[in-house]
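Take a look at the protein and its ligand below.

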Amino acid sequence: MSPGPPCPQVGGGGGRGHPHVPCAPQFILPHSRGSSHGQSRITRSAYPRVPYARMMPDSFHLWQRLEAEAGTSLYRRTGLVVLGPAGNPELEGCRRSLRAGEVLDATALAQRFPGLRLHAGEVAVWDGTGGVLFADRALRAVQDVFRRHGGTLRDGEKVLRVDPGTALTVTTTAGVYRAPRLIIAAGAWTGALVAPLGLHLPLQPLRIDVCYWREKEPRSPGTGRAGPCFMAMGLPRAPHGIYGLPALEYPGLVKVCYHHGSPADPEERDRVPLGAPHPDIALLSSFISSYLPGLEPRPAVVETCLYTNTPDGDFILDKHPKFGNIIIGAGFSGHGFKLAPVVGKLLCELSLGEEPSHSTAPFAITRFPGVLRAAL
Ligand SMILES: Cc1cc2nc3c(=O)[nH]c(=O)nc-3n(C[C@H](O)[C@H](O)[C@H](O)COP(=O)(O)OP(=O)(O)OC[C@H]3O[C@@H](n4cnc5c(N)ncnc54)[C@H](O)[C@@H]3O)c2cc1C
């Protein structure tokens, strides 16, 4: 942890341990109104896009450091299979990112994981580093360590406005703060928070159905608690991909979700008309019948969560183009959790004017044309 002047953060669960740095999430912690709640998130080395694949070793290392510092276990290694049509560019990207990624055909996959099926022309790529991050436990750990390093976490305090300047002013429901720099990492609320700063980021919050499916035979090999994580890519009927995690939060229920959802306002997320169709659940049911026949094809539990997507699915990690002392981390597009430690490190480095440990060029705000409008 490097020392440095205070840099308050809006949203998120804690920064890089500066003494007396306030971090202000709007709801009382822990809460389930954003994107990071729940027990489980997938982590993996397999990544179709090179910038993320390059950051993953650092991320694994930083998660381990947090485990050591917090004195708790945050990860269960299960391995991960990436399923899809042979030759699919994303699948190939995953295989390349693993260097020696083992490719399994239908027979080999069925031998190793009897619960998972492949179909004609499909293969599976094995990533032995994949596994489950214990999400809620990880948030608690990072908040504890943040406090232990002198950070101040002010939950239940909503940021109402940010006034730029050499000394920034942050007005919240509880007070007014001044600081030389600020990190905004407000998830699905980021667009609304930065719009008055003249920044119109193309961020689309999505409401995601988080579905859990019951095993037909309890403790069946290869799907239940003992199964791997998986991702399915390049399937014509599920263009955004499907992912699954072994049973963890509910005994005998396997988490399988569509990597997409319905556009939503984070303030109105629960206003879904009664009887509204759930096309994503229908799509998942059909996938379950075909690829995971050991599960009941009707979800036993459905919860919700939020993605905040950018048009290209890549993160935003950058300075405000006009106000260089405002740093923004947003648009994690449904794959940000596993990289949170590296994202935190990069945001911190940007705020301190240090050379980022990884190139942030792919995450620049200016890759989107017309984002800067007349400010204030
Ligand atoms: C169902 C689901 C499954 C996922 N699976 C995976 C996975 O397997 N692997 C993976 O790597 N990623 C996964 N993700 C993505 C990952 O969880 C997100 O990318 C990540 O949690 C985003 O974190 P965030 O800090 O941007 O948003 P959040 O966690 O929502 O944090 C933003 C915080 O800012 C606060 N805030 C907003 N506005 C204000 C304000 N004005 N004042 C004060 N506080 C404010 C919010 O209340 C919130 O606490 C998944 C996401 C979902 C929804």
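## A residue in a strand

Val256 sits in strand β17. Strands (E, at least two residues) and helices (H or I, at least four) are DSSP runs, numbered from the N terminus. Val256 is buried, with a relative accessible area of 0%. Buried means under 20% relative accessible area, exposed over 50%, and partly exposed in between (1.4 Å probe, protein chains only).

What does Val256 contact, leaving aside neighbours within four places in sequence? Its partners include Cys211, Trp213, Phe230, Tyr243, Leu284 and Leu295. Contact means heavy atoms within 4.5 Å. Ser359 is 103 residues away along the chain, and its C-alpha atom is 33 Å from that of Val256.

## How the model was made and read

This is a predicted model: local features need pLDDT of at least 70, side-chain atom pairs count only at pLDDT 80 or more, and totals for chains, interfaces and linings use all residues. Residues are numbered from 1 along each chain as its sequence is written, and side-chain values use heavy atoms, with hydrogens and water left out.

The predictor's confidence in each residue is its pLDDT, from 0 to 100. The protein chain has a mean pLDDT of 90, and 91% of its residues reach 70 or more. Over residues 13–20 the pLDDT is below 50.

## The nonpolar core

A nonpolar core is a set of buried Ala, Val, Leu, Ile, Met, Phe, Trp, Tyr and Cys residues joined through side-chain atoms within 4.5 Å. The largest one has 27 residues. Val256 is among the members that touch the most others, along with Val81, Leu83, Leu109, Phe230, Ile242 and Phe287.

Several elements supply at least two core residues each, among them β5 (80–85), β14 (204–215) and β17 (253–258). Helix α6 gives the most, with six residues. Beyond four places in sequence, Phe287 touches Phe230, Ala232, Leu235, Ile242, Val256 and Leu292.

## Around the ligand

Which residues come nearest to the ligand? They are His31, Ser36, Ile42, Cys305 and Lys338, out of 32 around it. Here, near means a heavy atom within 4 Å. Strand β19 supplies the largest share of this shell, three residues.

Polar contacts here are pairs of N or O atoms within 3.5 Å. A polar side-chain atom of Lys338 lies 2.8 Å from a ligand oxygen atom. For Ser35, a backbone N or O atom lies 2.9 Å from a ligand oxygen atom. For His335, a backbone N or O atom lies 3.3 Å from one.

Definitions and conventions: Polar contact = N/O pair within 3.5 Å; in protein donor to acceptor, adjacent residues only side chain to side chain.
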